[in-house]
Amino acid sequence: SNPFEVKVNRQKFDILGRKTKNDVGLPGVSRSKAIKKRNQTLLKEYKEREKTNVFKDKRFGEYNTKITPEEKMIRRFALERQQNYGKKNIYNLNEDEELTHFGQSLAEIEKLNDIVDSDSDTEERGTLSAELTAAHFGGGGGLLRKKVSSEQQDEEEKPKSRKELIEEMIAKSKQEKQERQTRRESALELTEKLDKDWKEIQTLIAHKTPKSERKDKEVEKPKPDEYDMIVRELGFEMKAKPSERLKTEEELAKEEQARLQRLEADRLRRMRGMDEQANKKRPSHMSADDLADGFILDKDDRHLLSYKDGKIDIENEEEKEEEEGEEEDDENEEESQEESASENEEDDAADSHSDLESDLESEEEAAGNKAEKKHKANEDESQNVEKSDPKREAAKSELPYTFAVPESYEAFKSLLAGRTIEEQLIILERIQKCNHPSLAVGNKAKLEKLFGFLLEYVGELATLDLPELRTIDKLVLPLYNLCQMFPEAASDSIKFILRDAAHDLEEVIEVKGRATYPGLDTLIYLKIVSLLFPTSDFWHPVVTPAFIYMSQLLTKCRIATLQDVIKGLFICCLFLEYVSLSRRFVPELVNFLLGVLHISLPKKQAQGYTVVHPFTPVGKNLELLLVCDEEDLKSWEKQNVPLSIVTRLKEASRTEINHTRLSCLALCFDLIKKCAALYESLPSFHEIMHPVRILLTQHVPVNEYPEKMQEWYHSALKELQDKVKQYTPLICEKKKPVPLKQYTPKIVKVLEFGRKQAGSKKEQERKQLIQRHKRELKGAIREIRKDNQYLARMQLSEIMERDSARKRKVKELLGSLATQEGEWKAMKRKKWKD
């Protein structure tokens, strides 16, 4: 559209915020209005962007409607005083404050009231009174006459002469001077009197005794405070001293090996009968003519001081001396023999005073003397050996300090044969120390074999007719140490043993259909597994197979004898030990305890519970733990069931067997109590222990048992009944049945292209808001772009105006310079003409 054809309806008055219907959408009007609006707002802000002369009302509380006018004025006054405080000009003398000089007011000093003669030597010399200055420098005595006449108008009507006035003034000044002097003297007298009085009073105030009395009386010192004493004690305490670094495992192994080798060398020397005193160096014989030409300082005997834990380390010096003594043993023997021979030769030479004998005779005599000396030496040695026989025997009976790792099990067994358990532990410890893996390359493989030998030795001790369980208990410690050093080899060895035991069990079941409990060695191996390896892991390469093997023993091994019951209870104890931390549920354990209670009841008793394999409801082995003898019941006392009793039951009497049965039943009650405490947090605890509870409450003949047995029974039953049901059984949540999928077609209404589909009211409002937001966003972006373009035009116009003004000024300057140059040339040309 042509902008000249656009009709514009102009308003007489511009009202802010009012929109007219006529000018909406018209290009000329809208553009002019937008430019006008930007000139009023954006251009104004752009021009005032760097100006600071804007009026801002910063009065306190001006726009605060919560403060009353009185409070507002009070706070304003307080703020004004705070702002003016401390900002006074020190050179402004027109203020109300009184200025002083040396304690005297400047206003009084300016009056100059004191008139002092020039002859006076007082401190106020040089000051003049106001009357004197007015008389001498006031332009005559007119003022003085007026002043005196005004003062003495009543007394005298006649004015006085100048001379009289001056004399009167002099008399007054002398009188004032005399008064001042008298006042000064009186003040001095008063100060002296006050000083004397103060000295007398001061002693009373301070409570100080004179020096003469102080010497006689001893001054009591105040006792120090506890805090001061602690501070002083801390000052005198020993400060930390740097200690030696911690040695590595390899260094400690080397030191231990060297120590054992040194002790072994000492033992061998004592066993051979070599005396330490004989090995020491004897002082060699020196003749009077010896000039000591061959003297050589062999070694430096000085020792360096070393400290350990703040004390002198003497052990290191003794060890060094022992090592040096061992190295020089052989040399000392040879030197002692040579020295004895040389001494004898010198003695013979001194005794024979003839130097004229032939060389042959001297050689023969020397040979004879040597033979005699050798014979005497042999006799002396035989006598010394006879004397040192007890020492040699003690050295022979002493354990060697160094051992080599045995290559086979027979060698290992012969090494420990005939030794006490303490000696066996010492031998194993010394084998580990002398063959540490860090000392040599092949020591690791040797010690790994040692672990296998030790396991086999433990199994052999367990299979004896009288198993040495105490020895096995002591041998667990070296097994644990070797397992910590070589965990992989130890796990492989024990897995090999468990694998063989499991294969044997499976073969027996396949052949015979039933299996018996393993020997005592296998049970001990299962106990050792719990001591060497962690049993609380979810899965472990050694513990998990042992766990499975024990569960197979409780379910597949038949209970035929009392020994089987004892072995089964031992496996139950191992199960509780295995799951004490992980609290893993073991159904075989609960089933076996239920079966043990079942075989302690009579055959004909009614049953309200089910018995699972290996226990049967009928059979000849039902009453294995049933005791009917009243005497045995009365004489029974609670005692632990030792594992070694398995091998001794065949030789036991009937009473001992009955006591063992009762002890097994008491152990069963104890295990039931422990199971209840262990599995109380399980949701199905009551369902698991329900058969055991029924058997205890309905079928066990409690009254027939001894009092101690009844106590164990009641404690187990109480542990089962006191547990409150903490968990409700799981129930499926009730839901509406999910309908089956239908195959009816879903009809969707197709609208024309470009039209918006109808929906609910919320959806329509949401779509409207989205559309409005898009429209407002586009409009805001468009306005921002227009504002930027407008500011760019304004900046360009300013730049162009500055450039045009600069060009205009440059042209003016160049024109003025050109006119000046023309005028100068014209003036110069005129001078040349003249």
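**Exercises on helices and charges**

D195 sits in helix α7, residues 162–206 (helices are DSSP runs of H or I, at least four residues, numbered from the N terminus). This is a predicted model, where local features need pLDDT of at least 70, side-chain atom pairs count only at pLDDT 80 or more, and totals for chains, interfaces and linings use all residues. Residues are numbered from 1 along each chain as its sequence is written, and side-chain values use heavy atoms, leaving out hydrogens and water.

**Exercise 1.** Work out whether D195 is buried or exposed, or in between.

*Solution.* Start with the cut-offs: buried is under 20% relative accessible area, exposed over 50%, partly exposed in between (1.4 Å probe, protein chains only). D195 has 47% relative accessibility, so call it partly exposed.

**Exercise 2.** Check the span of helix α23, then its burial.

*Solution.* First, the rule is 1.5 Å times one less than the number of residues.

**Exercise 3.** Find how K172 and E168 are arranged in helix α7.

*Solution.* Their side chains meet in a salt bridge, 4.0 Å from N to O (a side-chain nitrogen of Lys or Arg within 4 Å of a carboxyl oxygen of Asp or Glu). K172 and E168 are 4 residues apart, so about one helical turn separates them. Finally, K172 is partly exposed at 39%, and E168 is partly exposed at 23%.

Definitions and conventions
Helices (H or I, at least four residues) and strands (E, at least two) are DSSP runs, numbered from the N terminus.
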